[in-house]
Amino acid sequence: MEQRRPTSGSQQGRPRKKVDNPYLGTDYSMQISPGYRMRRTKREWKPLEDRSCTDLPWFLLFTVFCVGMGSIFGFTIATGGAARLVFGYDSYGNTCGQRNEQIEGVRLSGLDQTDKKYVFFLDPCNIDIVQRKIKSMALCVSVCPDEELKTYQDLKRFAVHNGSELCSYELAGHKYPSLPERFDKCPKLPVPPSKSLPVFNRCTPVDISCYAKFAEAVVTFVSDNSVLHSLIAGVMASKVIIVGLCLLALVLSMILMVIIRYISAVLVWIFTATVVLGSLAGTSILWWMYIDYRLTVNKTLSKETEDAKEEAEMSRDNAQVLLVYAIAATVFTVILLLLMLFMRKRVALTIALFHVAGKVFIHLPLLTLQPFCTFLALLLFWFYWSLVLLFLGTTGNPVQNEETGLTEFRLTGPLQYMTWYHAVGLIWISEFILACQQMTVAGAVVTYYFTRDKNKLPVTPILSSSLRLMRYHLGTVAKGSFIITLVKIPRLFLMYVHNQLKGKENACARCMLKTCICCLWCLEKCLNYLNQNAYAATAINSTSFCTSARDAFVILVENALRVAAINAVGDFVLFLGKILIVTSTAFAGVLLLNYQRDYAEWVLPLIIVCLFAFLVAHCFLSMFEIVVDVLFLCFAIDTKYNDGTPGREFYMDKALMEFVENSRKLERVAERGRSRATEVVSVEGAEMKPMAPGTSSA
């Protein structure tokens, strides 16, 4: 019985107050008087019907941050950065297609370019590879030249007939051939034919061969232009086959998510056999090499020459190194075999979880569409982010480039921090979208697991989980994604520093940078895994992020060996699934591309197809991995708080129930063995006890 500590005699008889807590259920232990000690009841691990908003301050903070992202977009539009990007501007700061205001200190600015809607570059092939922009002077023209202009007479004729002057504004079109400034302020001859882009009004050369230097700089592994042209021709000739193979990879990934429960046992035993046989083979080879070296040393020592003795000394050193390797491999193999023997039951749990995960996708088929929704959301956000970044590139104050003398727009002063704010938004919002996927999947799987009669599942558990997320748990998702952002930003910054200092820093600094990057990467992966389980705990109990993370961490620590087995074996099985999809797609590609006798043209199409197949397989099987992890957390909670007795029945699936029953049978057999051993020891001890003094045998 709990002891109470009253603060005064008059408070001893006060009744307890009933408190309805949406997180913990009804709690009768909180007292009216502050002198009574408060006791927390045990949390009931089952999905709550009555939920409340979690981590509301973080939702408000995320909302304010998104408003800031939108304000940057509005700022670029209000200051003309968006218009300059879309309509284009010349080298004097005039936006094409509209009336402009005079820019102080910039000549030929403030012109009325209403009739001149297109941007024309005098030398479109003069590209700065590092800055990724054209260094040529730009002018606003009314018509792009649709034919090749070889002489200055052609420029004059084009200006007179079309009213579009292709030289600098201060030069008269009818005087082009005789002006001395024509070599610097007129386009480089011959002027290639060009046409305007559909949205961005730039005159682009029809023949893209002038960008060959840029392509060669990007594709550094291609030294011969003919090879590049051959590869591009192969892609264009096989574009229908490429699309078909990409669809094949998509279909194979969806099929594998359903049938993997039938082949998971085979894949697990393949993994086990490969690891065991590989370790035994490696250890045996090392011992064989050591024995062979010892025999060689003995034969060499039998010779009397000086060279033979020096060679024997070197061989003896190599033999010692091989001995160390062989001993280390032997220790590793013994530990590995003991782990395999000790964790064989955990491997059986992995197979059972894979079997149940396959059933989840059958009962919740909309789960297969979740990667598409997430990818579409990420694609739309990345498009918006890239567009605003381009707007920022043409926003700011006009500045003259000292090298070229051209007018550019740059953010100066405090405004330049908008780019950093925008960069942080890319990471946080991307992680937020991924976290929303994890929370949605976790909510649907939790609903499936804790519903005893699967025929009574909601019509659309995925939609219900999404609505619960948007109504109650966006703050939790925002907080979890922000923690990942805090780890990812320093890692990306260190990677940037490492790339900038490549070849300049000393070995110690390089090692420290790589160590920090590796540690931050490991921390990010651990936090991702903990966040995913925290989202599942939130989906069950509707608790805040920190509370859910703590509860999930306790459950995972209590099942550390099971977690290790599921992550090791499960990840390898999913990796084999990815390899299966990629190889199947590549094999189909080889069969379909066999009609092309120029085998060099196979390379790029097959690379594109294999990369797409791996990306699709990774997206779908990562979804399968999330389902397995959530199922395991639910299973661990189920076995901890329920035992199968009336009133505490299990929620788990039949496959998991069979695993639990088999484990209990093995435990009972082991317990009986220990009991018999104890009885035998006690009987032997009684027989060996000495006779009491004063007694004698008859």
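Mentor: We will go through disulfides, ring contacts and a surface patch, setting values against definitions.
Mentor: This is a predicted model: local features need pLDDT of at least 70, side-chain atom pairs count only at pLDDT 80 or more, and totals for chains, interfaces and linings use all residues. Residues are numbered from 1 along each chain as its sequence is written, and side-chain values use heavy atoms, with hydrogens and water left out.

Trainee: What makes Cys-96 and Cys-140 a disulfide?
Mentor: The S to S distance is 1.9 Å. A disulfide is a pair of cysteine sulfur atoms within 2.5 Å, so the label holds. The angle about the S-S bond is -85°, and the link of Cys-96 and Cys-140 is left-handed.

Trainee: Which parts does the pair of Cys-96 and Cys-140 tie together?
Mentor: Cys-96 lies in the loop between helix H2 (81–87) and strand S3 (118–121), and Cys-140 in strand S6 (residues 138–141), so the pair ties together parts 44 residues apart in sequence. Helices (H or I, at least four residues) and strands (E, at least two) are DSSP runs, numbered from the N terminus.

Trainee: Why is Cys-96 called buried?
Mentor: Buried means under 20% relative accessible area, exposed over 50%, and partly exposed in between (1.4 Å probe, protein chains only). Cys-96 has 1% relative accessibility, so it counts as buried. Cys-140, at 1%, also counts as buried.

Trainee: How many disulfides are there in the whole structure?
Mentor: The search finds 3. Another joins Cys-144 to Cys-203, S to S 1.9 Å. With -75° about the S-S bond, the Cys-144 and Cys-203 link is left-handed. Cys-167 and Cys-186 also form a disulfide, with sulfur atoms 2.0 Å apart. The link of Cys-167 and Cys-186 is right-handed, with 115° about the S-S bond. With the bonded cysteines numbered in sequence order, the pairing is 1-2, 3-6, 4-5.

Trainee: What makes Phe-62 and Trp-428 an edge-to-face pair?
Mentor: Rings of Phe, Tyr and Trp (its six-membered ring) pair if their centres lie within 6.5 Å; planes under 30 degrees apart count as stacked, over 60 as edge-to-face and the rest as tilted. Phe-62 and Trp-428 are 5.2 Å centre to centre, with 75° between the planes. Phe-62 lies in helix H1 (residues 56–78) and Trp-428 in helix H11 (residues 417–449), so the pair ties together parts 366 residues apart in sequence. Ring pairs link Phe-62 and Trp-428 into a cluster with others, including Tyr-421 and Phe-482.

Trainee: How do you know that the charged end of Arg-84 sits over the ring of Phe-409?
Mentor: The test asks for NZ of Lys or CZ of Arg within 6 Å of the ring centre and within 35 degrees of the ring normal. The charged end of Arg-84 is 3.9 Å from the centre of the Phe-409 ring. Arg-182 sits over the ring of Tyr-152, 5.4 Å from its centre.

Trainee: Why is Trp-287 called partly exposed?
Mentor: Trp-287 has 31% relative accessibility, so it counts as partly exposed. Trp-287 lies in helix H7 (residues 239–301). Together with Ile-327, Val-331, Ile-335 and Leu-339, Trp-287 makes a nonpolar surface patch of about 420 Å².

Methods:
Patch = residues over 30% accessible without salt bridge, like charges linked within 9 Å, V, L, I, M, F, W, Y side chains within 5 Å. Areas by Shrake-Rupley, 256 points an atom, 1.4 Å probe, with all protein chains shown as cover. Salt bridge = Lys/Arg side-chain N within 4 Å of Asp/Glu carboxyl O.
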